[in-house]
Amino acid sequence: EVMVVQAEAACDFLKAIATPMRLMLLCNLVDGEQTVTDLSNKVGAKQSLTSHHLNRLKLSGIVSARRDEKFIYYSLGNTVAREIVEILYREFCKPD
């Protein structure tokens, strides 16, 4: 039964990151926290779309957010997420 629960959690994690936009956002967070504006510029998307995807990742516990006056800074949320995203970055996102 424990394995079933863990498998479901893994599937939820993979579903949450399984879009090109979310993968690009996560790869950009490997180097540290960034604002929605920074991330939207880097991935070439509108801020509203970027915020939508970041919120989905935040609800899944994959990214964390902190408010600093008028900006919200996003970062990779936990150790497991960081380790998996670092592998994905190395294999699929890192420039040659």
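Trainee: What makes strand β2 (residues 63-68) and β3 count as paired strands?

Mentor: Two strands, which are DSSP runs of E with at least two residues, numbered from the N terminus, pair if DSSP finds at least two bridges between them; six bridges join β2 to β3, so the two are a pair by that definition, and they run antiparallel. One of the facing positions is serine 64, which stands opposite serine 75 in β3. This is a predicted model, in which local features need pLDDT of at least 70 and side-chain atom pairs count only at pLDDT 80 or more, whereas totals for chains, interfaces and linings use all residues. Residues are numbered from 1 along each chain as its sequence is written, and side-chain values use heavy atoms, with hydrogens and water left out.

Trainee: How do you know that β1 pairs with β3?

Mentor: Two bridges join β1 to β3, which meets the cut-off, and these strands run antiparallel. Glutamine 34 has tyrosine 74 of β3 as its bridge partner, while threonine 35 has tyrosine 73.

Trainee: Why are β1 and β2 said to stand at the edges?

Mentor: The three strands form an open sheet in the order β1-β3-β2, with antiparallel pairing. Each of β1 and β2 has a single partner strand, so one side of each is left without a neighbour in the sheet.

Trainee: What makes Val36, Leu39, Ser40 and Val43 of helix α3 (residues 36-43) line one face?

Mentor: These four residues are buried, a word that stands for under 20% relative accessible area, with exposed over 50% and partly exposed in between (1.4 Å probe, protein chains only). Seen down the axis of α3, the buried residues fall within an arc of 100°, taken from the directions from the helix axis to the C-beta atoms, so they line one face of the helix. The face turned away from that buried side carries the exposed residues Asn41 and Lys42.
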